[in-house]
Amino acid sequence: MRILGVDPGLRATGFGLVEVVKAGSIKIIDAGSIEPDPKALFENRIAKVHHLLSEIIDTHKPHVLVLEKLYAHYKHPTTACLLGHVRGVICLLAHEHKVQLTEASVKRIRQALIGNGNATKEQVQMFVKRLLNIESVKLSLDTSDALALALGHAHMLKFKLL
């Protein structure tokens, strides 16, 4: 089973694609970060996210897309609205490519993987690097968060927690 985790962002959208093989082991297929030009028009920025994620889905044919649930801080409501546009594009992609869409909260994924729902982004990054044997220079925080979404989904499927 191929699982694509996506961490939506306004500056960077992280993605991480893993494959769970029959023996229960997990291998990384693709991972990275989509970083549109911050000076570009907003519609061009989200179009870039749509285009590049569409290429990834076309190439690798994931079975599930795990999207990070929206977390909005009451002090920054505009950010949540703008992030909602990016999430909407990703939901549309799942529909267009007939990929099962599921959402996961950051706390639930961190709890499932690390045992601490309040783990920091850096702790998640360290966990993902160790688990997948990735060099530190190759893994941004956005990418490690996306990989954590995919890994957490795989973990919860394994133990039938979904």
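Predicted model: local features only at pLDDT ≥ 70, side-chain atom pairs only at ≥ 80, totals over all residues.
Five strands make up an open sheet, and their order across it is 3-2-1-4-5. The pairing within this sheet is mixed. Strand 3 (26-34) and strand 5 (100-104) lie at the edges, and each has a single partner strand, so one side of each is left without a neighbour in the sheet. From one strand to the next, the twist averages 20 degrees. Strands of a sheet are paired through backbone hydrogen bonds, and the pairing may be parallel or antiparallel.

Both senses of pairing can be illustrated here. Strand 4 (residues 64-68) pairs with strand 5 in the parallel sense, over five bridges. Within this pair, Leu65 has Leu101 of strand 5 as its bridge partner. Helix 2 (residues 77-96) packs on the sheet, where it touches strand 1 (2-7), strand 2 (13-20), strand 4 and strand 5. The direction of helix 2 makes about 170 degrees with that of strand 4.

Strand 2 and strand 3, by contrast, pair in the antiparallel sense, over eight bridges. Here Val18 stands opposite Ile28 in strand 3. The two strands form a hairpin with five residues between them. Gly24, in the turn of this hairpin, has a positive phi of about 90 degrees.

In soluble globular proteins, nonpolar side chains tend to be buried together. The largest nonpolar core of this model has 20 residues, and those with the most contacts inside it are Ile109, Val128 and Leu147. At least two residues of this core come from each of strand 4, helix 3 (106-114), helix 4 (121-132) and helix 5 (141-158). The element that gives the most is helix 5, with seven residues.

Which residues does Leu147 touch, not counting residues up to four places away in sequence? They are Gly16, Leu17, Val18, Ile28, Ala31, Val128, Leu132, Ile134 and Leu139.

## Pocket and cavities

The largest pocket has a volume of about 580 Å³. It is lined by 23 residues, of which Glu68, Tyr71, Ala72, Leu83 and Val106 are the closest to its centre. Helix 2, helix 3 and helix 5 each supply at least two residues of this lining.

The model also has two cavities of 30 Å³ or more. The largest cavity holds about 60 Å³ of space. Its lining consists of Glu68, Val106, Ile109, Arg110, Val124, Asp145, Ala148 and Leu149. Helix 3 and helix 5 each contribute at least two residues to the lining of the largest cavity.

## Two lysines with positive phi

Most residues other than glycine have a negative phi. Lys61 has a positive phi of about 50 degrees although it is not a glycine. This residue, Lys61, is found in the loop between helix 1 (42-60) and strand 4. Is Lys61 buried or exposed? Its relative accessibility is 55%, and because exposed means over 50%, Lys61 counts as exposed.

Lys98 likewise is not a glycine, and its phi is positive, at about 55 degrees. Lys98 belongs to the loop between helix 2 and strand 5. With 74% relative accessibility, Lys98 counts as exposed.

## Two partly exposed residues

His63 has its place in the loop between helix 1 and strand 4. Its relative accessible area is 45%, so His63 is partly exposed. His63 and Ile3 are 60 residues apart in sequence, and their C-alpha atoms are 6.1 Å apart in space. Not counting residues up to four places away in sequence, His63 touches Met1, Arg2, Val99 and Gln100.

Ile114 is found in helix 3. At 33% relative accessibility, Ile114 counts as partly exposed. The C-alpha atoms of Ile114 and Val64 are separated by 22 Å, and these residues are 50 residues apart along the chain. When neighbours within four places in sequence are left aside, Ile114 is in contact with Ala119, Gln123, Val124 and Phe127.

Terms used. Residues numbered from 1 in each chain as written. Heavy atoms only, no water. Pairing = 2+ DSSP bridges. Helix = DSSP H or I, 4+ residues; strand = E, 2+ residues; numbered from the N terminus. Axes fitted to C-alpha atoms, helices over the stretch in contact; angles between N-to-C directions. Contact = heavy atoms within 4.5 Å. Core = buried A, V, L, I, M, F, W, Y, C linked by side-chain atoms within 4.5 Å. Buried < 20%, exposed > 50% of the residue type's maximum accessible area, 1.4 Å probe, protein only. 1 Å grid on protein atoms, 1.4 Å probe; cavity = no way out; pocket = protein on both sides within 12 Å on 5 of 7 lines; lining within 4 Å. Points joined across faces, edges and corners; volume = space filled by probe spheres on them.
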